[in-house]
Amino acid sequence: MSKRVYISADYDADSGDRNVVDELNRWSNSNRHLVEFTDMAKVVSGSVANDPDCRICDLKSEFNTQINLSSAVICVIGDKTATRTAGSKCERNRKEQYECMCTPYKQNANGQKSCRVPSTSDENPSGNVGNINGYSYLRHEFEQAKRKGKQIIVVYNSLNKQSSWLPWYMNDYADDAVPFWIKNAAGDKVGNYEFIKKALGYE
């Protein structure tokens, strides 16, 4: 049975954690593995992100929608996760509209544009995490999953437990976070398929 799983990870091509994401998707697409899921984060890349005027708040709103539709969220923690700031530049939650500028998603070369949000309101504690905030994208995804009571699976992009990599806002998950990679009988580095399979309820 296919499950909707949202993968929250640093997708930087050079120093991010795409290798873990690729391995998870390889399992899902393989007939040799039981785990089958829809990577909900992939859906995001095909929607608002294609708008040349896509803003930080647009992406966060879509993250909320995709996480709400997911049964579980896998948070991939790499050595740079705690210091990533992408998505945190929005100041509209503490400044007036005329004081705020932002750079449309992946449009750095075109410079900043004026904020499009004329008014804001107090956040509903039982609703979504507001899309107007100073969180990084990674923190926003985590906070939305936590707010909505989603199953959160935390893995390190490492062969070892790397507690020092964990962002402070994930400290409550330190005991449960595990290395994604293990060594098989031949000594090769492979993803911990059995852990992910069990965590997603496939056995």
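A charge is taken to sit over a ring if NZ of Lys or CZ of Arg is within 6 Å of the ring centre and within 35 degrees of the ring normal. Lys3 meets this test over the face of Tyr202, at 5.3 Å from the ring centre. The charged end of Lys189 sits over the ring of Trp181, 5.0 Å from its centre. The model is predicted: local features need pLDDT of at least 70, side-chain atom pairs count only at pLDDT 80 or more, and totals for chains, interfaces and linings use all residues. Residues are numbered from 1 along each chain as its sequence is written, and side-chain values use heavy atoms, with hydrogens and water left out.

Seven aromatic pairs were found in the whole structure. Rings of Phe, Tyr and Trp (its six-membered ring) pair if their centres lie within 6.5 Å; planes under 30 degrees apart count as stacked, over 60 as edge-to-face and the rest as tilted. Trp168 and Tyr169 have ring centres 5.9 Å apart and planes at 85 degrees, so this pair is edge-to-face. Trp168 is exposed, at 60% relative accessibility, whereas Tyr169 is buried, at 13% (buried, under 20% relative accessible area; exposed, over 50%; partly exposed, in between; 1.4 Å probe, protein chains only). Phe180 and Trp181 also form an edge-to-face pair, with centres 4.8 Å apart and planes at 90 degrees. Both residues, Phe180 and Trp181, are buried. One aromatic cluster is formed by Trp27, Phe180, Trp181 and Tyr193.
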